[in-house]
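Please open the structure in your viewer and keep the selection tool at hand. The tour goes from one selection to the next.

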Amino acid sequence: MIGYAAGRSPLHRAHPYTPLAAASAVLLLAFAVSTPGAVGVVVLAAVALALLGDATGAIVRPMLVLVLPTWALLLVLHGILGGDPHLVLGPVTLSEPGVRRALVLGGRVTAIVIAFLTALATVSPPRLVEAMTARGVPFGRIFLLVSSLTLVPRMRARAVQILDAQQSRGLRIGGSAAARVRALVPLVLPLVLGALAEVEEQVLALDARGAASGARRTALDPPRDTLGERLVRMALIMAVLMAYAAKFMGRGA
Amino acid sequence: MTFGVRLERVRAGYGQGDVLHDVSLDVAAGESLALLGANGAGKTTLARLLIGLVRPSAGRVTVGDWDVSGRRPDELARRVGYVFQHADHQLFARTVRDDVAFGPRCLGLPGDGVAAALEELGLSRVAGAHPYDLPAPARKLVTLAGVLAMGAGVLVLDEPTAGFDHESRELVVAALRRRIESGVTAVVVSHDLAFVAEAAERIVVMREGAIATDRRARDMLRDEDALHALGLGPPPAAALGLRLALSGSPVRIAECVAALRGARWTAPAV
């Protein structure tokens, strides 16, 4: 499942900016390094983040769905079509630089996916709204961000309801490839049209309740931001800056 | 064709424990039943069992001679028409007419039921409109028309009148009554007791996944204590009948009018 999964882990209890900062740091570090070993370290950091957030159960399936096709594509593209020298692994011959390139790219994707799925699973959208409100972030930006974070679970729930409704009207889900393609229209269109109608009503309702007034909003229950967490975020920023400094000074791993 | 519905010691839920616990229920062919109860009592779960959207973890559900467990929802749609609470979960065609015709087309049925269903629910004049150009209650009428056009022997309606004005509700009541009179079995989940009074002969109250009460609608709708326990009150006609001690135990508007006409009543002096 992609989205928030309630829990009591340190990441769940942390200020919402901390898991997001950690995920962002993983993303930036993944692009700051360029050897398979260094990328592997970033992947391990992302896995550690997932373990810290007690999120492995929630993210394994979507992670595999997102990452495995990427790995397969990268290994085929770079491993088979890459240049000399070639490695012979039993019946398979692969390009050595191609495999190294695939390992770096695949590792980056894996680390980023794990880190952001963990952030999505551990950052409660209402707490994030409160945290951003307390920092004076304009409501429009908060709404945009939180809508994006909650989009997948909401669309998934709606898709299940649409599937039920259309099956109840006699739509057969399955059969030949052509039948499956035909079944897409009555499934996808209500999803899109319903979401558009919902957004329109939601925007009007927000306007009617003064969301666009421009006044600084009141944070009713802002999450506590401790000195320790601020230091952690600062350390993450420093780590990223140092990694990029090393990269641009030619000493990148 | 009409079909009865039977649940035998059914347990069912959504993966994290059962919502229904050993529920047994018989609804005879041509009977109209209303399911009442607080949110989370298991009404919708019970209704969804009938179309195969929820599978029993124990027990047996049958519609006529079909065991629901062995059939897909699209197969069961030949016998069970299910109207969902939210219309926007199914509308997709470019016109109201096309959307109403979707179910009959899926089932390979003749299209003559489409025009009749549109006419019956007052949708003929908007048959060429896009469903999303209609207000929400009208969209819900479109979904109802889509199910009526399928000609199923069992109708399952989940909150069919929520958000309706008087006129729309009357259209639904009339359409449902015509079906019931022709032998269709109706199972209605509703908090709208005025609608229940007009449409149902029998009321089953669900509480915490079990059947708490199973009574004649007429008796239940005049039992203020039982209704208050559910956070409800008698429908207007029943309340009026109770207050004025009208004969005949009216619960429907027409019955109330008839009782008032027959009553000897003098306006109080002003």
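The stops below cover an interface, salt bridges, a hairpin and a cavity in a predicted model.

**Stop 1: the interface**

Show chain A and chain B together. Select the contacting residues on both sides: 19 residues of chain A touch 23 residues of chain B. The two chains bury about 1,900 Å² between them, and 60% of that area is on carbon and sulfur atoms. The size of an interface is often given as the accessible area lost when the parts come together.

How many salt bridges does the rule find across the interface of chain A and chain B? There are 2. For one of the pairs, select Arg48(B) and Asp164(A), which form a salt bridge. The closest N and O atoms of Arg48(B) and Asp164(A) are 2.3 Å apart.

**Stop 2: a salt bridge in chain B**

Over all chains the structure holds 24 salt bridges. Next, select Arg79(B) and Asp65(B), whose side chains meet in a salt bridge at 2.8 Å, N to O.

**Stop 3: a hairpin in chain A**

Move to chain A and select residues 86–89, strand S1, together with residues 92–95, strand S2. S1(A) and S2(A) pair in the antiparallel sense over 4 bridges. Pick Val88(A): its bridge partner in S2(A) is Thr93(A). Then look at the turn, where 2 residues lie between the strands. Gly90(A) takes a positive phi near 65° in this hairpin.

**Stop 4: the cavity**

How many cavities of 30 Å³ or more does a search of the whole structure find? The search finds 1. About 40 Å³ of space lies in the largest cavity.

To display the lining of the largest cavity, select Leu144(B), Leu148(B), Leu155(B), Leu157(B), Val172(B), Ala175(B) and Leu176(B). By class, the lining has 7 nonpolar residues, with no polar and no charged ones. Now colour by element of secondary structure. Helix H5 (136–148), strand S7 (154–158) and helix H6 (166–181) of chain B each supply at least two lining residues. H6(B) gives the largest share of the lining, 3 residues.

Notes:
Residues numbered from 1 in each chain as written. Chains lettered and ligands numbered in written order. Predicted model: local features only at pLDDT ≥ 70, side-chain atom pairs only at ≥ 80, totals over all residues. Heavy atoms only, no water. 1 Å grid on protein atoms, 1.4 Å probe; cavity = no way out; pocket = protein on both sides within 12 Å on 5 of 7 lines; lining within 4 Å. Points joined across faces, edges and corners; volume = space filled by probe spheres on them. Nonpolar A, V, L, I, M, F, W, Y, C, P; charged D, E, K, R; others polar. Pairing = 2+ DSSP bridges. Contact = heavy atoms within 4.5 Å. Buried area = accessible area lost by both parts, 1.4 Å probe. Salt bridge = Lys/Arg side-chain N within 4 Å of Asp/Glu carboxyl O.
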